[in-house]
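Let's walk through this structure together, starting from a single residue and widening the view step by step. Have the sequence and the 3D picture ready.

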Number of protein chains: 4
Amino acid sequence: MKTRVLITGFEPFDGEAVNPALEAVKQLNGRIIAGAAVITRPLPVVRWKAITALKEAITQVNPDLIIAVGQGLSVTEIQVERIAINVDDFRIQDNEGRQPVDEPIEPDGPAAYWSTLPVKKMVAVMREGGIPASVSNTAGTFVCNHLFYGLMHLLSLEGSRRRGGFIHIPYLPEQAVHKPGQPSMGLDTVLRGLETAVACALSATEDGKFTGGTLC
Amino acid sequence: MKTRVLITGFEPFDGEAVNPALEAVKQLNGRIIAGAAVITRPLPVVRWKAITALKEAITQVNPDLIIAVGQGLSVTEIQVERIAINVDDFRIQDNEGRQPVDEPIEPDGPAAYWSTLPVKKMVAVMREGGIPASVSNTAGTFVCNHLFYGLMHLLSLEGSRRRGGFIHIPYLPEQAVHKPGQPSMGLDTVLRGLETAVACALSATEDGKFTGGTLC
Amino acid sequence: MKTRVLITGFEPFDGEAVNPALEAVKQLNGRIIAGAAVITRPLPVVRWKAITALKEAITQVNPDLIIAVGQGLSVTEIQVERIAINVDDFRIQDNEGRQPVDEPIEPDGPAAYWSTLPVKKMVAVMREGGIPASVSNTAGTFVCNHLFYGLMHLLSLEGSRRRGGFIHIPYLPEQAVHKPGQPSMGLDTVLRGLETAVACALSATEDGKFTGGTLC
Amino acid sequence: MKTRVLITGFEPFDGEAVNPALEAVKQLNGRIIAGAAVITRPLPVVRWKAITALKEAITQVNPDLIIAVGQGLSVTEIQVERIAINVDDFRIQDNEGRQPVDEPIEPDGPAAYWSTLPVKKMVAVMREGGIPASVSNTAGTFVCNHLFYGLMHLLSLEGSRRRGGFIHIPYLPEQAVHKPGQPSMGLDTVLRGLETAVACALSATEDGKFTGGTLC
């Protein structure tokens with residue numbers, strides 16, 4: 001049976017009319033990447049509901065690989081997240097008005113989960129393809145990290161038989177127009193980046209040892 | 001006789017293999033924008049030689065409008081420059097090893113020249129088209145400002161019968177790959193921006209009053 | 001007769017309760033720097049009124065040297081301004097609600113005036129003293145640049161027999177508390193910087209040739 | 001017996017002549033804060049040796065509270081770290097030439113440890129005192145995070161009977177002089193911040209619920 005990749009994108013939030021993650025994900029739906037079928041889903045920027053909707057999508061699609069995509073702020077590159085942490089500390093309200101402070105996502109879960117994507121290789125192949133990319137060591141403490149932690153917790157409970165992780169992408173140029181000085185990335189570049197990264201994640205059985213750390 | 005626009009782009013410098021300005025300008029050569037013929041020229045990143053080559057191009061092409069394009073550093077938007085100042089203060093060497101400090105470009109010239117482009121309108125129409133753009137109040141003190149001042153000095157001596165100015169553009173994504181964290185802009189977005197800006201400059205006989213200042 | 005230095009500081013604006021320039025200037029009032037008497041004045045962040053109040057202070061004090069100090073935004077260093085430009089383009093309203101767009105400060109004045117301070121030497125001596133400092137090539141287009149241009153226009157009309165210029169300083173730490181992520185500088189460091197810079201301006205008859213340019 | 005606080009500061013690295021953490025820590029040695037005795041130690045910026053030296057200091061001093069302090073890069077505020085992660089991914093070599101990539105600090109340790117300091121309260125009291133401060137969600141992947149993880153692993157094995165964590169501080173102004181554009185903070189402000197934070201950590205038995213998250 002054909003390999004399936006589930007890619008999710010968040011709906012707009014924080015007063016934005018669009019979310020680059022959703023725009024990118026729409027374009028990828030139905031594509032074949034490295035022989036695998038891509039199925040995509042929009043997700044609400046709402047605590048718990050984002051994880052619930054993701055679980056439903058995983059049940060329906062039964063994917064081999066899951067990549068959640070979100071909008072990054074003041075981000076110049078496609079950022080492959082390394083680690084999800086077990087805390088909700090929302091600087092703004094989510095799309096249903098929730099704003100938890102320092103509450104655990106899973107009270108009995110570990111402090112953090114590593115992405116099970118080959119993050120270093122994914123960054124390396126994007127760069128080789130001329131697409132700005134980097135490893136990120138924090139996915140924040142808002143709904144992006146919330147979903148990322150929920151995903152990795154689920155995959156861990158399942159026995160880690162399928163892999164998953166999270167990617168942040170910059171604003172689209174048409175969004176940055178309304179936020180003077182914000183960096184942006186064109187949708188075509190984002191799409192090439194995501195396709196390259198997904199193909200890498202499908203083929204790489206283990207990650208490479210490329211430097212990708214930060215000093216502090 | 002058909003209106004002619006001369007657009008120049010600098011060659012690579014500072015160890016870069018490409019210059020986004022040159023790449024953009026190559027693509028625009030021979031296009032018709034708003035009924036005007038676009039003629040482009042590469043320029044050396046060399047003190048005096050840049051101005052000399054620009055003067056030769058102006059003599060050959062006899063353009064109605066001249067727009068010089070250069071690569072900006074740490075720039076997220078297409079920046080239309082407002083003013084050129086009469087000083088060379090090179091933080092790095094130019095492509096022939098010259099590094100003047102606080103030397104005038106034209107010893108008898110004024111301290112500064114305003115761009116004669118409709119800078120505010122150009123920024124406004126690019127933003128309306130979904131392209132990040134802003135007014136810049138300094139073109140630096142390197143070869144970009146050197147050329148910009150030389151251009152405006154020439155146009156002033158001619159009696160300001162033709163208009164001109166300078167635009168800075170961000171790195172291309174494939175350049176930013178080698179400068180982690182640097183913002184970039186795809187070539188297609190840059191090209192749409194430059195075409196929009198040139199069309200605006202051709203049609204607008206005077207500038208609009210849109211806020212575009214900075215606090216400091 | 002003793003040499004006199006007039007140092008001005010702006011009042012708070014843009015919703016701030018303090019202005020680091022005013023705090024610094026208050027501390028300097030009455031000091032003797034390099035044998036010269038320091039006299040200071042607060043100035044309103046109001047178009048025209050800032051220049052009028054400065055002229056009155058110059059008439060009263062009859063200083064040999066005039067240094068206007070203002071608050072910089074997102075500034076990490078003490079910035080000695082190189083050039084004032086003949087335009088008011090206020091991104092926000094001044095303290096009396098005025099918000100001109102692209103209006104000249106002096107309709108018959110030149111496009112720009114150079115600072116007549118030894119800007120490069122002032123930056124060099126501050127750095128030697130362990131104080132972060134740099135040359136700035138734009139003082140913006142708000143009341144800071146407005147006052148700076150007004151000052152240099154006045155000194156030019158007088159025959160340039162006394163020197164003057166403008167310095168931007170960072171937020172104070174207690175201000176940055178309310179603007180997360182904003183850089184700041186302690187008042188003691190700012191005061192040492194200003195004293196060092198004033199002493200340099202008093203002693204240096206001409207500027208030094210130190211690299212201080214920007215690429216764009 | 002008197003409460004004891006162990007505060008450590010790293011030695012200079014990455015070509016720097018000083019480390020603000022070491023300078024601050026030297027000043028705090030022997031002070032009494034909120035009735036507790038402060039004992040300080042310098043630590044080498046060397047993989048494993050930093051942890052070994054910290055363990056020796058803990059054995060000698062038998063402190064009730066341990067706070068490790070390090071230099072942050074491009075940091076404008078005092079940053080109280082929330083979480084340490086179990087990976088060494090050094091972007092540069094440590095002071096003995098080691099540069100591990102994606103190696104665990106403790107092969108059998110958890111992915112991450114939370115700071116056991118009241119991070120939110122510490123940030124709140126520093127801000128109330130006029131000192132720029134924030135919570136940080138990543139301590140990087142260099143020796144700072146290495147030491148922080150090693151500390152929390154040790155405290156966890158001990159049964160979490162004493163608390164500890166990590167604080168990043170900005171460059172000193174005299175360092176920033178050599179890194180144009182880098183933000184900095186005066187030593188007096190850093191010292192006031194650390195004293196305030198230590199007093200808070202000594203008195204607070206649990207953390208407060210203040211928003212301190214980031215979006216991504």
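**One aspartate and its surroundings**

Setting aside neighbours within four places in sequence, Asp102(D) is in contact (heavy atoms within 4.5 Å) with Arg82(A), Lys120(A), Gly208(A), Lys209(A), Val87(D), Asp88(D) and Asp89(D). This is a predicted model, in which local features need pLDDT of at least 70 and side-chain atom pairs count only at pLDDT 80 or more, while totals for chains, interfaces and linings use all residues. Residues are numbered from 1 along each chain as its sequence is written, chains are lettered from A in the order in which they are written, and side-chain values use heavy atoms, without hydrogens and water.

To find Asp102(D), look in chain D at the loop between strand E6 (83-85) and strand E7 (112-114); strands are DSSP runs of at least two residues, numbered from the N terminus.

Now look across to chain A. The side chains of Asp102(D) and Arg82(A) form a salt bridge, 3.0 Å from N to O; the term asks for a side-chain nitrogen of Lys or Arg within 4 Å of a carboxyl oxygen of Asp or Glu. Across the interface of chain A and chain D, the rule finds eight salt bridges.

Zooming out, 37 residues from chain A and 37 residues from chain D take part in the contact. Together the two chains bury about 3,000 Å², with 63% of it on carbon and sulfur atoms; this is accessible area (1.4 Å probe) lost on putting the two parts together, summed over both. On the chain A side, Trp114(A), Leu215(A) and Cys216(A) lose the most area to chain D, together 24% of what that side buries.

Key:
Helix = DSSP H or I, 4+ residues; strand = E, 2+ residues; numbered from the N terminus.
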